[in-house]
Amino acid sequence: MKLRQVSAGGCNGCESDVNVLNTVGFDLARFGIQFVASPRHADGLLVTGAISENMRVALRKTWEAVPDPKIVIAVGACAISGGPFAGIRRCGMG
């Protein structure tokens, strides 16, 4: 599976955790999971962050560029529920 990672407006804590997954300690590639630079080469998106209004259009375009069938994986409290940013006006995607 090939994933395109998108930081959609978080604190970069989850991005740090995702970066560690490519190290020799975790080595996601041995499970057939790779991160790719282009959404056109991806099977899905791995989204971190609370999806700020400024990232709404970019995230939508990235999602549309991923070929069907596709998946999205939300990583971290911010992407899943808004985390500490819950209650702050967000983009309303979803």
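A salt bridge here is a side-chain nitrogen of Lys or Arg within 4 Å of a carboxyl oxygen of Asp or Glu. The model in these views is predicted.

**View A. Lys 70 and Asp 68 pair up in a salt bridge.** The N to O distance is 3.9 Å, so the pair makes it inside the 4 Å limit. Asp 68 is exposed, at 66% relative accessibility, while Lys 70 is partly exposed at 23%. Lys 70 also sits over the face of Trp 63, 4.5 Å from the ring centre. As for aromatic pairs, there are zero in the structure.

**View B. A cis peptide bond links Asp 68 to Pro 69.** Omega for this bond is near -10°. Pro 69 belongs to the loop that runs between helix 2 (56–65) and strand 4 (71–75).

**View C. Arg 56 and Glu 53 form a salt bridge.** Their closest N and O atoms are 3.2 Å apart. Arg 56 is partly exposed, with 33% relative accessibility, and Glu 53 is partly exposed with a relative accessible area of 33%. The salt bridge count for the model is two.

**View D. Asn 12 has a positive phi without being a glycine.** The angle is near 80°. You'll find Asn 12 in the loop between strand 1 (2–7) and helix 1 (13–20), where the residue is partly exposed at 45% relative accessible area.

**View E. Ile 51 is a non-glycine residue with positive phi.** Here phi is near 55°. Ile 51 lies in the loop between strand 3 (44–48) and helix 2. Its relative accessibility is 15%, and Ile 51 therefore counts as buried, the cut-off being under 20%.

Methods: Residues are numbered from 1 along each chain as its sequence is written. This is a predicted model: local features need pLDDT of at least 70, side-chain atom pairs count only at pLDDT 80 or more; totals for chains, interfaces and linings use all residues. Side-chain values use heavy atoms; hydrogens and water are left out. Buried means under 20% relative accessible area, exposed over 50%, partly exposed in between (1.4 Å probe, protein chains only). Rings of Phe, Tyr and Trp (its six-membered ring) pair if their centres lie within 6.5 Å; planes under 30 degrees apart count as stacked, over 60 as edge-to-face and the rest as tilted. A charge sits over a ring if NZ of Lys or CZ of Arg is within 6 Å of the ring centre and within 35 degrees of the ring normal. Helices (H or I, at least four residues) and strands (E, at least two) are DSSP runs, numbered from the N terminus.
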